[in-house]
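Student: Could you walk me through how to read a structure like the one coming up? I'm new to it.

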Amino acid sequence: MRPADPKRIVAAARAWLGTPYHDQASVKGVGCDCLGLARGIWREVVGCETVPVPPYSRDWGEAGDREVLAENASRAMIRIDPAEAGPGAVVLFRMRDAAIVKHVGILTGPDSFIHSYERLGVIEQPLTTAWRRRIAFAFLFPRPAPAPRKKKS
């Protein structure tokens, strides 16, 4: 798998700015949560979603020891070392020490990211030390598969 163009990912993410927060949604301009933002960017840049997302509760990441988000991202995306993540990378955050990851953001620069946050919607903000230390996993969107060639008749 080869990575998608990071400039295209950042442009797609910025097009979602201002989308209101809506739990489990993934519709640009209408509503999304942090996972819905990543799903929407996937559809715009890569194509149809390949991993079905089951319904989830708001507190799904508060208990358990399986890294559900990271496991599913690993099935469809290119995993990289978080220290090597740059613009266009998807980063997964631990919101509490020793908890599983449950928040998703898209890096837009060395010190900024876009995410959908409850009460704020999709925003771009500085990647402060507090946010940076919460990053546990990083991934790259893959390039879309080339369209099949038509056979000549």
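Tutor: Let's begin with a hairpin: strand 5 is joined to strand 6 through 2 residues. Keep in mind that this is a predicted model.

Student: How many bridges join strand 5 to strand 6, and do they run parallel or antiparallel?

Tutor: Strand 5 (residues 101-109) and strand 6 run antiparallel, and 3 bridges join them. To find a spot to look at, go to Gly109, which stands opposite Ser112 in strand 6.

Student: And what about strand 6 and strand 7?

Tutor: Those two pair in the antiparallel sense as well, over 6 bridges, with strand 7 covering residues 121-126. Here you can look for Ser116, which stands opposite Val122 in strand 7. Strand 6 and strand 7 also form a hairpin, this time with 3 residues between them. In that turn, Arg119 has a positive phi of about 75°.

Student: Is strand 6 enclosed or open?

Tutor: It is largely enclosed by the rest of the structure, because 5 of its 6 residues are buried.

Student: Phe113 has a ring. How do I read ring pairs?

Tutor: A pair of aromatic rings is described by the distance of the centres and the angle of the planes. A search of the whole structure finds 5 aromatic pairs. One of them is Phe93 with Phe113, a tilted pair at 5.4 Å centre to centre and 50° between the planes.

Student: Which parts does that pair tie together?

Tutor: Phe93 lies in strand 4 (residues 90-94) and Phe113 in strand 6 (residues 112-117), so the pair connects parts that are 20 residues apart in sequence. Phe93 is buried too, at a relative accessible area of 0%.

Student: What kind of aromatic pair do Phe93 and Trp131 form?

Tutor: An edge-to-face one: 5.0 Å centre to centre, with 75° between the planes. Trp131 lies in helix 4 (residues 129-132) and Phe93 in strand 4, so this pair ties together parts 38 residues apart in sequence. Trp131 is buried, as is Phe93.

Student: Where does the charged end of Arg134 sit?

Tutor: Over the ring of Trp131, 5.2 Å from the ring's centre.

Student: Now for charges. What's the idea behind a salt bridge?

Tutor: Side chains of opposite charge can pair when their charged atoms come close. In this model, a search of the whole structure finds 7 salt bridges. Take Arg14 and Glu124, whose side chains meet in one at 2.8 Å, N to O. That pair links distant parts of the chain, with Arg14 in helix 1 (residues 6-14) and Glu124 in strand 7, 110 residues apart.

Student: How accessible are Arg14 and Glu124?

Tutor: Arg14 is partly exposed, with a relative accessible area of 39%. Glu124 counts as partly exposed too, at 31% relative accessibility.

Student: Which residue forms a salt bridge with Arg39?

Tutor: Glu49 does, and the closest N and O atoms are 2.6 Å apart. Glu49 lies in the loop between helix 2 (34-45) and helix 3 (68-76), while Arg39 is in helix 2, so the pair ties together parts 10 residues apart in sequence. The side chain of Glu49 also meets that of Arg43 in a salt bridge (2.8 Å, N to O). Through shared partners, salt bridges join Arg39, Arg43 and Glu49 into one network.

Conventions
Residues are numbered from 1 along each chain as its sequence is written. This is a predicted model: local features need pLDDT of at least 70, side-chain atom pairs count only at pLDDT 80 or more; totals for chains, interfaces and linings use all residues. Side-chain values use heavy atoms; hydrogens and water are left out. Rings of Phe, Tyr and Trp (its six-membered ring) pair if their centres lie within 6.5 Å; planes under 30 degrees apart count as stacked, over 60 as edge-to-face and the rest as tilted. Helices (H or I, at least four residues) and strands (E, at least two) are DSSP runs, numbered from the N terminus. Buried means under 20% relative accessible area, exposed over 50%, partly exposed in between (1.4 Å probe, protein chains only). A charge sits over a ring if NZ of Lys or CZ of Arg is within 6 Å of the ring centre and within 35 degrees of the ring normal. Two strands pair if DSSP finds at least two bridges between them. A salt bridge is a side-chain nitrogen of Lys or Arg within 4 Å of a carboxyl oxygen of Asp or Glu.
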